[in-house]
Amino acid sequence: MKKIKKKDIVLYLVMLTFCIIVCAPLLQMHIASDTYNFMDLGYFQYPSQYFLKDARIISTLFTYLAGILNLDYQVFIVGMEVLAVIIASFSIYILYKTIGKKLSENIYNMNLKNSIILMAITIIIFNCMSLEYFLYAECAVMCLSVLLSIVAAKIFIEEKNKHKYVKTLLILTLATFCYQGSINIFITLVTLLLIIDKSKVNIKENIKQFIIAGIIFVVSEIVNIICMYLINNFMGSEQERVAGNVIIRNILLFNPLMKFIIENVFILNFNLWPSMIIPIFIGISIILILCSKKKIRGLIEYIFLILVAVLASILPVFLMKSPGIEPRMVMSAGSIIGISIIYLSYIYNDEKSKIMQDIIFVITMIFFIFNTINTIQIFSAHIATNKIDANMGITIKDKIEKYENETGNNVTKVAYRRDSMHRDFPYGYKKKLSSFTQRAFDNYYCIIEALNYYCNRKFEKTTMDEKIYTDYFLGKNWNTYSDEQIVFEGDTMYICTY
C-alpha cells in the first residue's frame, strides 16, 4: 500500500468515473434473455445446468453464494453490475500503466501522446464485441475474465523471473474458469506488447516469446476443456460446447463458416458499430504506417498483429459442436481499432512529425467520443427494450387474472407461436442491436420464463392447438401487443407474439 502514489489513486478514480458514466444505464435492474432463465431456475439450479457444465466455475460459485445469502435478484444483478464497473476500471488502469510505460516517459502527464493511449485503451475495453460482458447477471465474472487476461499479459511481458510462465498459465487458466470467450485478448495484447517493447529488440527472442505465449494460451484452453469433461462426467451429463472429433467436419464447412464470421464480425459488427468500420480503420492505419519512416517493418508488424487478433477469435469456433459466433466470443477482433491506435502511436513515438501525431489524435478523439456515446445508447436501448417487455408482460398478467376471475379456470399451461412477420427487436429501432434489444416475447429461449417472471407463475409449456392457430392466428401480423394475440381455452393460454 505504501508504494501506491497519490497520482495513481487520482488516475484510477478518473477511469472509474468514466466507467460509471458509460455504464450508468445498466446500474439498475435490467434483464437479458438468459436472466429470465436464471431467475426462473434459481441460484442453484441455473448454474448447475449451465455454468458448471461449461466449466465456468467462478460464475457458479458467485451464484451459489448469492443463493446461500438468499439475495433478492435485483440486489444481485445491480450488485454484480457495480462490481463489473469497478473491475472494468481496473482493466483500463492496469492496461494503461502497462502500455504507457512502453510509450511514455511520464504516464501521469496527460499530454497528447498519453491522451491517445488512454482513449485507445478505453476503446479496447469497451469495444463493440465486449459490451455483452456488462449485460448478463454474471457480468462481474465476465469482466473479471478480461482483467485476469490483462494481468496475465502484463506478468508475461514485465516479469523477468523463471516462474513467470507458470504464473501466467495459472492466471489465464483462472480466467477461463470465469469465461472462456474473452481470453483471446491475452495473446493479442502479448503480441502488441512484444512489438512496442523497446527493450526486446531481438526479433528471434520476440518470436520465441510469442510461441511460448501461444502455448500458454492453448494449454489454458485445454485445461478448461478437460475440466469441462470431468465435471460433466461426474454429473452424468454431456457437455455441448466443444469436441475434438468435429474439427474435420467444421473444416469441411470452412467456406460457409468463414462467410458467416466475416459478415457478422468484420462487416456488420453485429450492428453494434457502423458497418465496415473495422476494415476501414485497418485501411487508414496501413496508409498512416506507409507514411512513416518504418513503413516496411511497420507494415509487417501491423499485419501480423491484426492476423493474431483475428485468428485468436476465429480458431476456437472450429472446436465447437454447433459452430456459431456471438459478440462476447470475439473480444480480440473487436479490439483491433484500439490496438491499431496504440500501434500508430508507437510508430510515430520517436518521429518529429507533429502533423501525423495530430492526425492520429484527431482520429482517436473522434472515435473515442463516438464509441462512448454509442455504448451509452446501446445500454439505454436495452433498458428501453426491458420496459417494452415489462409492459407486455404486465398486460398479459392482467388479462390472465381477468379471465380466471370471469371463468373460475386456473391458467397453468402456455402454448406459443410467432405471427407471420414477427420481429425480434422493438419497433422504433432500424436494426437489432445484438442481445441488447432482443425482445423476450419473441425469443423461444425465454418466453415461458418471461411470463413466469411478470405473472409470478410457473407455467407449463404445451403445444399449440392447430385449430386455434388456424382460426385465430394464421396469416395475422401485428406491430404491437394486441388482445387478439391471446386465446384462452380451459387451463391453457395460447399466445401468438408479434
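Asn250 touches Leu257, Val317, Phe318, Leu319, Met320 and Pro323, residues up to four places away in sequence not being counted; contact means heavy atoms within 4.5 Å. Asn250 is placed in helix H10 (residues 247-252). With 0% relative accessibility, Asn250 counts as buried (under 20% relative accessible area; exposed is over 50%, partly exposed in between; 1.4 Å probe, protein chains only). Helices are DSSP runs (H or I, at least four residues), numbered from the N terminus.

The model is predicted: local features need pLDDT of at least 70, side-chain atom pairs count only at pLDDT 80 or more, and totals for chains, interfaces and linings use all residues. Residues are numbered from 1 along each chain as its sequence is written, and side-chain values use heavy atoms, with hydrogens and water left out.

The structure holds 15 salt bridges (a side-chain nitrogen of Lys or Arg within 4 Å of a carboxyl oxygen of Asp or Glu). One of them joins Glu138 to Arg56, with the closest N and O atoms 2.9 Å apart. Glu138 lies in the loop between H5 and helix H6 (139-158), and Arg56 in the loop between helix H2 (33-49) and helix H3 (57-68), so the pair ties together parts 82 residues apart in sequence. Glu138 is buried at 8% relative accessibility. Arg56 is buried, its relative accessible area being 8%.

Arg328 and Glu132 also meet in a salt bridge (2.6 Å, N to O). This pair links distant parts of the chain, 196 residues apart. Arg328 is buried at 18% relative accessibility. Glu132 is buried at 0%.

Terms used: Helix = DSSP H or I, 4+ residues; strand = E, 2+ residues; numbered from the N terminus.
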